[in-house]
Structures are given as structure tokens and as C-alpha cells.
Amino acid sequence: MLSSKIAGIGKYLPSNVVTNNDLLKYMETSDEWIQERTGIKERRYAHRTEETTTTMGVEAAKIAIERAGITPQDIDFIIFATLSPDYYFPGCGVLLQRAMKMKEIGALDVRNQCSGFVYALSVGDQFIRSGMYKNILVVGSEKHSFGLDFTTRGRNVSVIFGDGAGAVVLQPADREGQGILSTHLHSDGESAEILAMYNPGTHANHWKEEKYASFDDAEIAQMFFSHAMIDDGQIFPYMDGPAVFKKAVVKFPEVILESLTKNNLTPADINLLIPHQANLRIAQFVQQTLKLRDDQVYNNIQYYGNTTAASIPIALCEAWEKGLVKDNDLVCLAAFGSGFTWASALLRW
Ligand code: UT7
């Protein structure tokens, strides 16, 4: 069975540029701290009311579909990866299907945060390999700016994230050895709570205190979201940054080497590594570990921050638009994040 190739790629970044200095009006931080610890100079924030995770995904998808030389009606399956969906449910996949007036095709939502795009790509690749679908749209999109703690309390998380979307169209490869060579997916839920957004959720941790023991089901149900949660800042993402950093610098190289070994290749064979844009320091550490030259690694976190599920397709698209990804190039995509989940994909362009 032939694997899949990326037949078209697109990206969308909101026009609103937010510099590190712009964040000073909300919290105690500094351009120096942010650049030194993360490499980030600026990020984009979506329009508060006019742009959503879905609308940004749609804009990226339009470009990917056009570049693939097809129309939205030719798409036969949607895979949408995000951690910042328009609604708690339904997912963004169906909203994109509606917005793009696509046929009544399947739409799958992927919730694997930073690894979401590589997971989604892997799922799409399997559907193409099995012969089930011929034109799969894979989207990664995030509107983080709507759900961050913009006070000093939340600064370790809020300065990192940015908004944007990327999309690809997967089609059967033209020949053996072209397209996605292999994908590698991993998880370890042991540390699920150290990079997470707990609420709203059904864990009910908030209500385990003795004082709530006598509450009946109807009362508890009204506590899905509560003032106490809002007051405690428990509606925002939580991250133990240093712990995530330590794990990331081990798992990134591991999963990249796994993909290379599987295909009898070495780091020297990589033309372009696109690591998930979590932190420039992590990417530099990975580059050093694998002894890669500067021209073998593409980073753009400096300008967009961490766009989670969107970061890899945005970076891949930008690199491709700059002519840095050429026919027959070996491209490696790798991600690590909340879950923990981590993943890689090796592609022959
Ligand atoms: O994509 C999802 C996966 N996420 C990641 O991979 C993120 C991995 N982790 C990281 O990138 C880094 O841990 C961070 C960039 C999040 C934080 O950098 P760090 O060097 O690990 O800093 P830290 O959390 O250890 O904090 C050091 C100090 C603390 O102050 P004290 O306790 O030393 O006085 C923080 O309160 O920096 C302080 N701090 C800040 N200062 C200014 C934290 N955030 C900020 C801030 N501005 N925005």
C-alpha cells in the first residue's frame, strides 16, 4: 500500500502582533526574561470576536486545498487537532466542514496538544495507506489568547503561547519511498497533571472537600464551572515548566532517532528537522544532541510563540514557502507536550 504525501500546505497567522513589551501592561515580566528563557520576541493574537480556532483553521485549509489543486468538495475526511476548540463539544472538525461547505464526510478531532498535528498526520496516513480515503485535510489550529491568565500569576505560561493555524492535504504518494515514511507515537500519563487545564472537567477534585459531602447530584452538576474555580485561577492552563523542559530534551531526540533508525537513516541524512516550537532552548538542545547544523533545523518561535498543534504545520509551511523544503528532501517532524505525549514523522518530500 502506498503511503501518503503532503500535496498542499497552508498557514494562517492573525495580523495582530503582540511583542514582549506589549505584555508588560498586564503582568510583571520583561522582554529580556522572555527572550533569554524561550527565544520568543513576539506572537500573534487572534481578533477577540471575529477569529476563532475554526476560522483560522479554515483560512489555512483554503490555501492547502488550493495548493493541492483540488476543491473543498474533493476532501473526503477531516482531522482537526487543537487544545483550544471553539466549543467544549462538538469539536472544530464539524465546524470547519460546515464553514467550508464540504460534503457529509467524517470529521475527527484530535486532543493531543503539542503532539496533536503529528498524531493527526499519522492517523491520516493510515487511512490513505489502507485505501479508505484519497484527500484528507489535516488541520492544527489554536486560539490560546482567549484562555490565558494575563496576570503575573500566570506569566510562566501566558508569555509563551500564540495563536495561528496550519493545514495540509494528504494524498496517496506518487511512488514508493515518497511521502510519509513512518510515524511514531508515544505517551506516558504519569505526569498528566503537570501540563494541563483541569477545568471544566469531570474530575470533581474541587468538590472532594468535606464541606461538599452533603451536596446532592443536582448541586454538584452546577459546579462544573464555579466562581471559586475562577477566583483560584483554576480555569487556566497549569504548567510545571522546568519538569516539562527536562522530559522534552530527552524525548525529542529519542523519537527523532527512532524514526531514523526505522528507516536505516542517521541525523546526517536529515535535510530539515521541524521541531514543535515549544521553546527555542529546547530546539537548540535537540540540535546539539543530534549534532545537526543550523541549516538542518527550522525554528520560528521567535515570531509566533508556541502555537501548540499549529506550530509544526505553520513552520513547515513557512519553510516550504521560503524554498527550504525541496523535492526528495528528508523532512523530520517531532513533537512533545502535555500528556505527556510525543511523536515523530519522517517524510521524503
Ligand atoms: O509546548 C508545550 C510544552 N511546553 C514546554 O515544553 C515548556 C517547557 N518549559 C519551558 O519552556 C521553561 O520551563 C519556561 C520558559 C516555561 C520557564 O523557564 P524556566 O527557566 O524553567 O523558569 P522557571 O519556571 O524555573 O522560573 C524561573 C523564575 C521564577 O522566579 P524565581 O522563583 O526564581 O524568583 C519565575 O517566577 O522566573 C520567574 N518567571 C518569570 N519572570 C519574568 C516565570 N515566568 C516569568 C516571566 N517573566 N514571564
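Biologist: How far is the side chain of Asn-306 from an oxygen atom of the ligand?
Modeller: An N or O atom in the Asn-306 side chain lies 2.6 Å from a ligand oxygen, where a polar contact is a pair of N or O atoms within 3.5 Å. This is a predicted model, where local features need pLDDT of at least 70, side-chain atom pairs count only at pLDDT 80 or more, and totals for chains, interfaces and linings use all residues. Residues are numbered from 1 along each chain as its sequence is written, and side-chain values use heavy atoms, with hydrogens and water left out.

Biologist: And what about Arg-37?
Modeller: A polar side-chain atom of Arg-37 is 2.8 Å from an oxygen atom of the ligand. With Pro-242, a polar backbone atom is 3.4 Å from a ligand oxygen.

Biologist: How much of the ligand's accessible area does the protein cover?
Modeller: 71% of the 950 Å² that the ligand has on its own, by the Shrake-Rupley method with a 1.4 Å probe.

Biologist: Switching to the shell, which helix gives the most?
Modeller: H8 does, with four residues. Helices here are DSSP runs of H or I, at least four residues, numbered from the N terminus.

Biologist: Which domains does the shell draw on?
Modeller: Domain 1 (4-172) and domain 2 (179-192 + 239-348) each give at least three residues, with bounds from an automatic or database domain assignment.

Conventions
A polar contact is a pair of N or O atoms within 3.5 Å; within protein, one must be able to donate a hydrogen and the other to accept it, and residues adjacent in sequence count only if both atoms are side-chain atoms. Helices (H or I, at least four residues) and strands (E, at least two) are DSSP runs, numbered from the N terminus.
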